Amino acid sequence: MIVTVTPNPSIDRTVTVEQLHIGEINRALLSRVDPGGKGVNVSRALRANGTDTLAILPLGGPDGRLLATLLDEADVPHSGIELAGATRTNVAIVDPAGVTTKVNEPGPRLGVDELDSLRSAILSSTMETDWLALCGSLPPGAPDTWFAEVIRSHPGRVAVDASGMGFREAVAAGPDLIKPNREELEELVGRELPSLGDVLDAASTVVADGVAMVVVSLGSDGALTVTSAGHWFASATVSAPLSTVGAGDCLLAGLLQALEKGVSAPSALTEAVAWGSAAVSLPGSQVPGPRDISRIAVTTKCPPLTTQLAA
């Protein structure tokens, strides 16, 4: 089973417009509401593809109850701790070309007792877990070391998909896998990474410092896996992109499902890119199922390392 932890989940409202005009009234063409947060999206994608999962998350207020209801409707098993504050709502505005503008609320502040309850829920639910995935931003009130403390206390394999100081501290704790995008990797290593070779060098440094596998999602440019045994690349073309919301989370879900099955690193990357690309072809933060994923053609030919990546 793959357990996900989303310490700052959300209700994700996605609004599709013909074209976003800043400072003007915009009329929505479509609107949808999904359960949100990186770990929540990973669990949703896993469940949609027949993999056992459990989503652990804090829930508070009316939006917290709505989030629990949405997870129930998606048949996603979940374990929530009650909060005094209210679960946040994030808004994504998407145009027909798939260009996404996001506005994310900070989320409720968690007290010491609530953070302890969340940590206890993680440790009590992951004794027979193949992977524990720590995902997303830390909520207000959580120390930067919170992910790192969970990693050091968990006996099994841990994946991290986060950002900021919480991500930096988590990487220092030596997780088995991290999945940054290029911007998050740039922040981690403290320099810009304009080319594929720069990304490879940065990821190789992180592996040398103790992380077993680094998988860097590069958006439309594809994704790169780096381990001590080598590096592998995969990409796919989506002819009609609808939304990038949650695509990286679906990539991580596909990766973890493949690794749970014992698939090799390059084959797991191919599967992951198919999941992430399939998500881009769907509206809002809708997750792909097997039929969506089967339509994606993935190429594993690595372009020259001098290739400049999309801005």
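Start by selecting Ile122: leaving out residues up to four places away in sequence, it touches Val5, Ile56, Leu132, Trp146 and Val150, where contact means heavy atoms within 4.5 Å. This is a predicted model, in which local features need pLDDT of at least 70 and side-chain atom pairs count only at pLDDT 80 or more, while totals for chains, interfaces and linings use all residues. Residues are numbered from 1 along each chain as its sequence is written, and side-chain values use heavy atoms, with hydrogens and water left out.

Stay with Ile122 for a moment. It is found in helix H3 (residues 112-125); helices (H or I, at least four residues) and strands (E, at least two) are DSSP runs, numbered from the N terminus. Ile122 counts as buried because its relative accessibility is 0%; buried means under 20% relative accessible area, exposed over 50%, and partly exposed in between (1.4 Å probe, protein chains only).

Next, click on Trp146. Setting aside neighbours within four places in sequence, Trp146 is in contact with Val5, Pro7, Leu115, Leu118, Arg119, Ile122 and Leu138. Trp146 is also among the residues with the most contacts inside the largest nonpolar core, together with Leu134, Val160 and Ile178; this core has 46 residues. A nonpolar core here is a set of buried Ala, Val, Leu, Ile, Met, Phe, Trp, Tyr and Cys residues joined through side-chain atoms within 4.5 Å. Helix H7 (residues 196-208) gives the most to this core, with seven residues.

Zoom in on E1 (residues 2-5) and E4 (residues 53-59), which run parallel and are joined by four bridges. Ile2 has Thr53 as its bridge partner in E4.

Last stop: helix H1 (residues 38-48). Is it enclosed or open? Eight of its 11 residues are buried, so H1 is largely enclosed by the rest of the structure. Among those buried are Val40, Asn41, Arg44 and Leu46. Just after H1, look for Gly50, which takes a positive phi of about 80°.

Conventions:
Two strands pair if DSSP finds at least two bridges between them.
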